Amino acid sequence: MSKLPMDVITDVCYRLPVKTLVRFKSLSKPCCSIIDDPEFIRAHLNRSNRTRSNLNIILRGLHLYSVEFDALDTAIPLEYPLSNGAGTEAFGSCNGLLALRMTEKSLALYNPSTREFRRLPVSQIDPPPGESCKSGYVFYGFGQDVKTDDYKVVRMAQFNKDDEEDDEGYFFDYEVKVYSLKNDSWRKITELPHYLRFMFQFFYHLLHRRGYGVLAGGVLHWVMPPRIELGMRTSRIVGFDLTTEKFVKVPQPECADRNYLLDVAALDGCLCAVCNYNQEFVDVWVMKEYGMKESWTRLLSVQKTRAINALTFLRPLAYSKYRDKVLLEINNQKFIWYDLQSKKMRSVKIGGSSTSFGAEVYVGSLVPIEDRKRVENQKQNEREEQKKRNRKKRDDFLSQGFKLVL
């Protein structure tokens with residue numbers, strides 16, 4: 001390798017899978033220096049996103065499984081630190097990092113490619129002061145603040161009032177907190193919109209993991225389902241901007257029929273609106289330019305078939321390599337390739353996983369969880385402290401020996 005120009009080696013490394021690059025770090029110091037360079041990590045990730053390479057799918061059932069997107073054949077158990085068997089959920093992914101929830105007090109970030117892992121500091125869920133209530137459903141979201149290059153976890157905790165005779169009944173107070181990876185700390189959001197109190201609906205959010213935010217355009221998205229009793233006959237997309245850390249309005253597509261159940265998804269970085277019409281057929285719309293209502297475009301429409309008795313849930317996951325097909329997750333039970341030209345569907349069978357699952361797409365990357373400069377400074381400080389302790393021990397020893405001689 002010493003005879004090869006460095007730019008040639010770098011260009012070859014851009015094209016390699018992440019796991020291969022991780023192994024190559026042990027070959028030589030120059031290789032390690034290239035692969036650890038922030039510019040290389042960024043360029044490698046951009047290439048993976050552009051070419052749709054290094055893609056994987058996380059299956060969330062009783063356990064977590066990983067499937068290579070190019071093969072879509074066999075699911076293998078996802079290994080991660082602090083694995084305590086069943087119950088761990090992956091509630092988001094961004095640039096190769098997964099956000100994991102073991103319990104409400106045990107959250108973590110994990111890069112499956114590099115096996116780098118960080119447990120988040122515990123932040124208690126604090127009920128509103130002076131009110132008798134208890135914590136209920138908790139919404140989560142994870143993504144990147146592109147402006148500051150920071151990764152953030154959003155937690156929205158809903159409170160149930162202990163007084164069952166409360167006049168408000170289905171109104172809920174919320175606590176919203178944001179974790180910053182750069183600061184390694186949580187911050188409470190105090191300015192909350194009034195409509196947040198109508199957000200939670202038991203069956204809608206509990207089924208199909210709809211409490212996990214969908215990332216697109218630097219904004220996390222959830223759906224507030226219809227409230228017929230309040231005169232709200234259509235669903236509403238709720239957005240939280242990771243840069244401003246404020247809730248924002250998100251335009252919805254103008255569907256021909258308003259009698260539908262709305263869901264959200266992300267496809268190739270674009271926000272999707274999934275309109276389900278009485279489980280008979282589903283339209284998938286894509287917002288091609290984020291924030292622009294006019295950019296909503298209907299991508300595909302799926303009707304129930306003999307193989308699919310009812311469309312209780314559908315979510316687009318990813319385009320194929322040549323963007324002529326879309327991989328769909330249907331009813332938390334099967335994967336379907338949908339051909340955008342012929343409008344035909346083909347089932348995909350994946351072995352080794354549970355019969356019921358939720359799916360999350362992530363790209364393999366070298367993105368670090370730990371700030372390497374901060375870690376190196378911390379190690380340097382620890383070395384300096386150790387040197388001071390050693391000098392003190394030596395001086396104490398010499399002092400004691402001098403006293404004994406006297």
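Is Cys32 buried, partly exposed or exposed, and what is its relative accessible area?

Modeller: Cys32 is partly exposed, with a relative accessible area of 24%, a value that lies above the limit of 20% under which a residue is called buried. Please keep in mind throughout that this is a predicted model. Cys31, by contrast, is buried, with a relative accessible area of 3%.

For Cys31 the nearest cysteine sulfur is that of Cys13, 5.7 Å away, and because a disulfide calls for two cysteine sulfur atoms within 2.5 Å, Cys31 is in no disulfide. Cys32 is likewise in no disulfide, and the nearest cysteine sulfur to Cys32, that of Cys31, is 8.7 Å away.

The buried residues of H3 are Cys31, Ile34 and Ile35. Seen down the axis of H3, these buried residues fall within an arc of 90 degrees, so they line one face of the helix. In general, an α-helix has 3.6 residues a turn, so residues three or four places apart point the same way. On the other side of H3, Lys29 and Ser33 are exposed. The cover over the buried residues of H3 includes H1, H2 and H4.

Cys13, whose sulfur is the nearest cysteine sulfur to that of Cys31, belongs to the buried set of helix H1, residues 6-14, together with Ile9 and Thr10. Viewed down the axis of H1, the buried residues fall within an arc of 100 degrees, so they too line one face of their helix.

Of its 406 residues, 47% are buried, and among the contacts with a separation of 6 or more, 53% join residues 24 or more positions apart. The protein exposes about 21,800 Å², of which carbon and sulfur atoms supply 52%.

Methods. Residues are numbered from 1 along each chain as its sequence is written. This is a predicted model: local features need pLDDT of at least 70, side-chain atom pairs count only at pLDDT 80 or more; totals for chains, interfaces and linings use all residues. Side-chain values use heavy atoms; hydrogens and water are left out. Buried means under 20% relative accessible area, exposed over 50%, partly exposed in between (1.4 Å probe, protein chains only). Helices (H or I, at least four residues) and strands (E, at least two) are DSSP runs, numbered from the N terminus. The arc is that of the directions from the helix axis to the C-beta atoms. Contact means heavy atoms within 4.5 Å. Accessible areas come from the Shrake-Rupley method with a 1.4 Å probe; for residues, only the protein chains shown count as cover.
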